[in-house]
Amino acid sequence: MSDRGTKILKGIEKKMKDSGMDEVRMVYAGEDDVAIDTLTTLHRGFGSISNLAEGEFCFVEAEDEPARFVARIAFASEIPSDFVPALTARIALVNAEIPTGAYEYDPVDDELSYALKFPVADGLTDSQLEEMIGSDIAIALSLGEQYAAELIELANGNGGEF
């Protein structure tokens with residue numbers, strides 16, 4: 001899947017750039033401390049007018065498991081520890097409401113994100129896989145932004161007590 005996955009991501013990168021997205025680029029394994037080839041994007045106004053989100057899209061393979069496509073959108077960082085309990089409690093409730101994917105707080109990177117993971121079915125042609133991944137990215141961006149403003153407010157301490 002590695003070479004094929006990279007080819008699919010490069011095709012999506014081209015489509016994004018052709019549609020007017022300027023802040024899209026492939027980061028290859030070994031660059032910028034990235035372990036696997038990853039398509040990255042920047043999204044201005046994600047969740048709020050002044051917010052910037054970073055999308056990361058890649059194929060992940062593990063031994064004896066089917067390949068997965070992972071879409072991750074990081075949209076807040078440097079969250080004061082006083083606000084983490086209310087934030088994580090709200091994340092749990094939000095995750096129960098959404099149909100797929102999950103919001104998550106990573107205490108190691110001190111980052112708030114939305115992630116969506118799909119298994120890659122065997123037997124898909126390259127064009128079918130590219131179409132599926134394009135849809136997965138659109139779903140991740142749409143669902144990721146759905147609660148982003150509220151979670152950003154909580155991360156900044158502007159959401160009251162839980």
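1. Let's start with the second largest pocket, whose lining is made up of Leu-42, Leu-52, Ala-53, Glu-54, Glu-56, Arg-72, Ala-74, Phe-75, Ala-76, Ser-77 and Glu-111. A pocket here is an open set of points on a 1 Å grid over the protein atoms alone, where a 1.4 Å probe fits, with protein on both sides within 12 Å along at least five of seven lines; lining residues have an atom within 4 Å of a point.

2. A word on the source: this is a predicted model, in which local features need pLDDT of at least 70 and side-chain atom pairs pLDDT 80 or more, while totals for chains, interfaces and linings use all residues. Residues are numbered from 1 along each chain as its sequence is written, and side-chain values use heavy atoms, without hydrogens and water.

3. In the second largest pocket, β4 supplies the largest share of the lining, 5 residues (strands are DSSP runs of E, at least two residues, numbered from the N terminus). Its space comes to about 170 Å³, a volume being what is filled by probe spheres set on the points.

4. Now to the largest pocket, with a volume of about 310 Å³. It is lined by 16 residues, and the closest to its centre are Val-34, Ile-36, Thr-38, Glu-56 and Cys-58. Two or more lining residues come from each of β1 (24–27), β2 (38–44), β3 (52–60) and β4 (68–77), and β3 gives the most, 4 residues.
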